[in-house]
Amino acid sequence: MSRAAGVSVKLGSWAEVSAQAAPIRFRVFVDEQGVPAEMELDEFDGLSCHALAWMGDEPVGTGRLLPDGHIGRMAVLAGWRGRGVGAALLEALMAEAGRRGMSRLALSAQSHALGFYTRFGFVPEGDQYDEAGLPHQAMVRML
Ligand SMILES: CC(C)(COP(=O)(O)OP(=O)(O)OC[C@H]1O[C@@H](n2cnc3c(N)ncnc32)[C@H](O)[C@@H]1OP(=O)(O)O)[C@@H](O)C(=O)NCCC(=O)NCCS
């Protein structure tokens, strides 16, 4: 698995990470992918464990783990993709799920990212569907 040289991932509550994580999500999902801005932040942010990836003093990626074992809002700034940042985020969230005793992880993958999640043991479940105007695929992984 590729690793980004110098990436560090911190876990925290929404109160602890939102100042850095929210701008990343707006840049990636709203500005880049056209997701409606009003859909980006939701009531699950306050309930989730968030991962924030740093390259030095620059926040470059984020993702979250919901209390029910759903992983979501995985976003790496465009200029930092393909360097292992997403892998570091996903592995940090999977490790946290293990610490919490979760046995099954689930996520709603954008279709273009299926290959990314497959590398980490997630498998498709059911048919593709539309979410926020983008094609998605449910994926699951047992821990
Ligand atoms: C999906 C995303 C989080 C991946 O982050 P990333 O930092 O580019 O991923 P990494 O560099 O850590 O890649 C890890 C591995 O997955 C592979 N990979 C990354 N993106 C992939 C993709 N879209 N399809 C297939 N494989 C992919 C990499 O080649 C790498 O493989 P390797 O270990 O064999 O070298 C990032 O592309 C992103 O933020 N995209 C825009 C937002 C988005 O669509 N998020 C997903 C919502 S479900």
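Reply: Ala-132 sits in the loop between strand S7 (129-131) and S8. Strands here are DSSP E runs of at least two residues and helices are H or I runs of at least four, both numbered from the N terminus. Residue numbers start from 1 along each chain as its sequence is written. Bear in mind that this is a predicted model, in which local features need pLDDT of at least 70 and side-chain atom pairs count only at pLDDT 80 or more, while totals for chains, interfaces and linings use all residues.

Ala-132 counts as partly exposed because it has 14 C-beta neighbours inside 10 Å. The cut-offs go like this: 20 or more other C-beta atoms within 10 Å of a residue's own make it buried, 12 or fewer make it exposed, and anything in between is partly exposed, with C-beta atoms placed from the backbone.

Phi of Arg-73 is also a positive value near 55° in a residue other than glycine. Arg-73, though, is in strand S4, and it has 23 C-beta neighbours inside 10 Å, so it counts as buried.

Strand S4 also holds Ala-75, which is buried because it has 25 C-beta neighbours inside 10 Å. Ala-75 touches Ile-24, Arg-25, Val-28, Phe-29, Gly-61 and Thr-62, leaving out residues up to four places away in sequence; contact here means C-beta atoms, placed from the backbone, within 7 Å. Phe-29 is 46 residues from Ala-75 along the chain, yet their C-alpha atoms are separated by 7.8 Å.

Now follow the sheet. S4 pairs with S5 in the parallel sense over two bridges, pairing being called when DSSP finds at least two bridges between strands. His-70 has Ala-106 in S5 as its bridge partner. The chain gets from S4 to S5 through H3, and this β-α-β crossover is right-handed: with the strands pointing away from you, the path from the first strand over the helix to the second runs clockwise.

What about the inside? The largest nonpolar core has 30 residues, and Val-9, Ala-53, Leu-89 and Leu-93 touch the most other members. Such a core is a set of buried Ala, Val, Leu, Ile, Met, Phe, Trp, Tyr and Cys residues joined through C-beta atoms within 7 Å. The elements giving it two or more residues are S1 (7-12), H1 (14-32), S2 (49-55), S3 (58-65), S4 (70-76), H3 (85-99) and S5 (104-110). H3 gives the most, with seven residues. Apart from its neighbours within four places in sequence, Leu-93 is in contact with Ala-51, Gly-63, Leu-65 and Ile-71.

Stepping back, the protein chain has four helices and eight strands, and 29% of its 143 residues count as buried.

How values were computed:
Contact = placed C-beta atoms within 7 Å.
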